[in-house]
Amino acid sequence: MNAPLAGIRIIEVGHMLAGPYCGLMLADMGAEVIKIEPREGDIGRTISPHSIGPHNAYFASLNRNKKSIVLDLASAAGQAALGRIAARSHALVTNLRPSAIRKLGLTYDALRIHNDKLVCVALTGYGLEGPYSENPAYDYVIQAMTGVMAITGEPDAPPAKAGYSAVDNSAGLVAALGLLAKVVQGRGGQVDVSMYDVMLSQLNYLAGAALNAGETIERLPASSHPYVVPAQLFPTADGWLVLFITHDKFWRIFCHEIGRTDWVEHPHFATMAARRAHRAEVVTAITHELAGATAAQWADRLAPLGIVAARVGTLNEALDSDIAAARKLVVQLGDGSLPLRAVASPVRFEDQEAPRALPPLLDEHRDEIMSWAGP
């Protein structure tokens with residue numbers, strides 16, 4: 001009961017990722033999240049080929065700590081039940097299309113008759129209103145349209161998406177932030193979060209360069225930073241190393257460590273501006289020096305000196321890493337009777353642990369919810 005959001009009730013009418021991830025963040029902080037599902041359930045219940053007992057692995061990763069009830073929101077009975085639940089809730093979040101949001105009465109204008117302090121968050125592709133609002137929107141499409149794909153990958157290769165659902169996850173976090181801002185304000189209302197808006201916002205300094213200097217943002221080799229040199233991938237004797245040197249102080253430390261003190265005063269190497277102006281020469285020289293040892297050996301040498309350097313590893317390695325163990329990032333869900341694990345909440349509070357309840361079975365909490373919502 002000492003969780004930060006204990007006593008806050010959120011309605012979630014979402015599917016797959018963005019909406020459920022928003023709900024997950026809130027549930028992990030103690031909110032009671034009521035997941036309203038259609039008869040067939042959230043499509044996320046069937047996406048993954050992996051199941052642990054009755055739980056689909058994809059669905060489980062996004063829906064722990066929630067409660068499920070099946071309602072036909074297109075029916076009069078479903079709308080009546082939604083109204084009763086809304087009357088006793090603080091907020092609603094949905095990531096359906098705008099036309100479906102309106103049709104199913106999931107807006108503030110539709111629900112304020114039940115609760116004028118209800119916060120209604122619409123998480124859509126291009127906004128709740130406007131000429132593009134009904135266009136189909138998925139993570140891949142938004143990455144393509146906002147320029148994320150165009151600046152990802154090697155210059156001579158096809159455009160590439162981020163390796164995970166960057167748009168969906170980012171939009172879910174922003175939706176949770178907007179929802180909580182209105183709850184704290186204590187006033188009901190409509191919150192409009194667009195995936196397209198979120199990704200343009202996340203391109204912040206690159207967008208600033210385009211808007212204010214007319215810069216054309218292009219892909220650079222080896223995932224290079226557009227302004228910082230060296231800040232990219234480098235091949236080593238056995239794999240890839242990320243090296244990111246932002247200050248000339250650390251550049252000098254790096255030069256001394258690898259035995260290239262001549263670079264400290266070299267006119268093409270000594271300062272950040274010089275290294276940026278002579279990027280190809282600097283990168284070629286560093287590549288030659290790093291080729292003689294493994295990525296792990298370089299990381300072990302450089303990281304203790306305050307230099308940002310790390311071997312490129314896999315997700316499986318990260319989940320099994322000493323960092324993950326020290327941070328207790330892999331958690332068991334439920335009472336341990338099922339071997340169902342997940343990544344822990346990234347938000348930590350010193351006086352409590354996040355709840356770790358199993359994801360709900362479809363319609364599992366109908367009786368409980370209807371007992372307080374009323375017949």
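Biologist: Where is Met-16 placed?
Modeller: Met-16 sits in the loop between strand E1 (9-13) and helix H1 (18-28). This is a predicted model, by the way.

Biologist: What is phi for Met-16?
Modeller: Near 60 degrees. That is a positive value in a residue other than glycine.

Biologist: Is Met-16 buried, exposed or partly exposed?
Modeller: Partly exposed, with a relative accessible area of 23%.

Biologist: And Asn-65, what about its phi?
Modeller: Asn-65 has a positive phi of about 65 degrees, and it is not a glycine. Its place is the loop between helix H2 (57-63) and strand E5 (66-70). Asn-65 counts as buried, at 12% relative accessibility.

Biologist: Which peptide bond is cis?
Modeller: The one from Val-229 to Pro-230 is cis, with omega near 0 degrees. Pro-230 lies in the loop between helix H9 (204-213) and strand E9 (231-235).

Biologist: Let's zoom out. How many helices and strands does the protein have?
Modeller: There are 16 helices and 13 strands. The C-alpha trace spans about 80 × 50 × 40 Å along its principal axes.

Biologist: What share of the residues is buried?
Modeller: Buried residues are 44% of the 375 in the protein.

Biologist: On to charges. How many salt bridges does the structure hold?
Modeller: It holds 17. One of them pairs Asp-42 with Lys-35, at 3.1 Å from N to O. Both of those residues are buried.

Biologist: Where does Lys-35 lie?
Modeller: In strand E2 (residues 32-37).

Biologist: What else does the Lys-35 side chain make a polar contact with?
Modeller: The side chain of Glu-12, at 2.5 Å. The pairing with Asp-42 also counts as a polar contact, at 3.1 Å.

Biologist: Which residues is Lys-35 in contact with, leaving aside neighbours within four places in sequence?
Modeller: Among them are Gly-14, Pro-20, Phe-59, Asn-63 and Ile-69. Lys-66, Lys-67 and Ser-68 are on the list too.

Biologist: Which residue forms a salt bridge with Glu-37?
Modeller: Arg-45 does, at 2.7 Å from N to O. Glu-37 and Arg-45 are both buried.

Biologist: What about Arg-275, which residue is its salt-bridge partner?
Modeller: Asp-248. The closest N and O atoms are 2.9 Å apart. Arg-275 lies in helix H11 (residues 272-277) and Asp-248 in helix H10 (residues 248-257), so the pair ties together parts that are 27 residues apart in sequence.

Biologist: Which residues are linked in a network of salt bridges?
Modeller: Arg-9, Glu-32, Lys-67 and Glu-368.

Biologist: Switching to cysteines. How many disulfides?
Modeller: The count is zero.

Biologist: Buried or exposed, for Cys-22 and Cys-120?
Modeller: Cys-22 is buried, at 0% relative accessibility. Cys-120 is buried as well, also at 0%.

Biologist: Now the surface. Which residues make the nonpolar patch?
Modeller: Tyr-138, Tyr-140, Val-141 and Met-145 make it, and it covers about 430 Å². Val-141 lies in helix H6 (residues 139-145). Val-141 is partly exposed, with a relative accessible area of 33%.

Biologist: Last one. Where is Asp-300 found?
Modeller: In helix H13 (residues 295-302). Asp-300 is exposed, at 60% relative accessibility. Asp-300 and Ala-310 are 10 residues apart in sequence, and their C-alpha atoms are 8.5 Å apart in space.

Terms used: Residues are numbered from 1 along each chain as its sequence is written. This is a predicted model: local features need pLDDT of at least 70, side-chain atom pairs count only at pLDDT 80 or more; totals for chains, interfaces and linings use all residues. Side-chain values use heavy atoms; hydrogens and water are left out. Patches are made of residues with over 30% relative accessible area and no salt bridge: like charges are joined within 9 Å, nonpolar side chains (Val, Leu, Ile, Met, Phe, Trp, Tyr) within 5 Å. Accessible areas come from the Shrake-Rupley method with a 1.4 Å probe; for residues, only the protein chains shown count as cover. A salt bridge is a side-chain nitrogen of Lys or Arg within 4 Å of a carboxyl oxygen of Asp or Glu. Helices (H or I, at least four residues) and strands (E, at least two) are DSSP runs, numbered from the N terminus. Buried means under 20% relative accessible area, exposed over 50%, partly exposed in between (1.4 Å probe, protein chains only). A disulfide is a pair of cysteine sulfur atoms within 2.5 Å. A polar contact is a pair of N or O atoms within 3.5 Å; within protein, one must be able to donate a hydrogen and the other to accept it, and residues adjacent in sequence count only if both atoms are side-chain atoms. Contact means heavy atoms within 4.5 Å.
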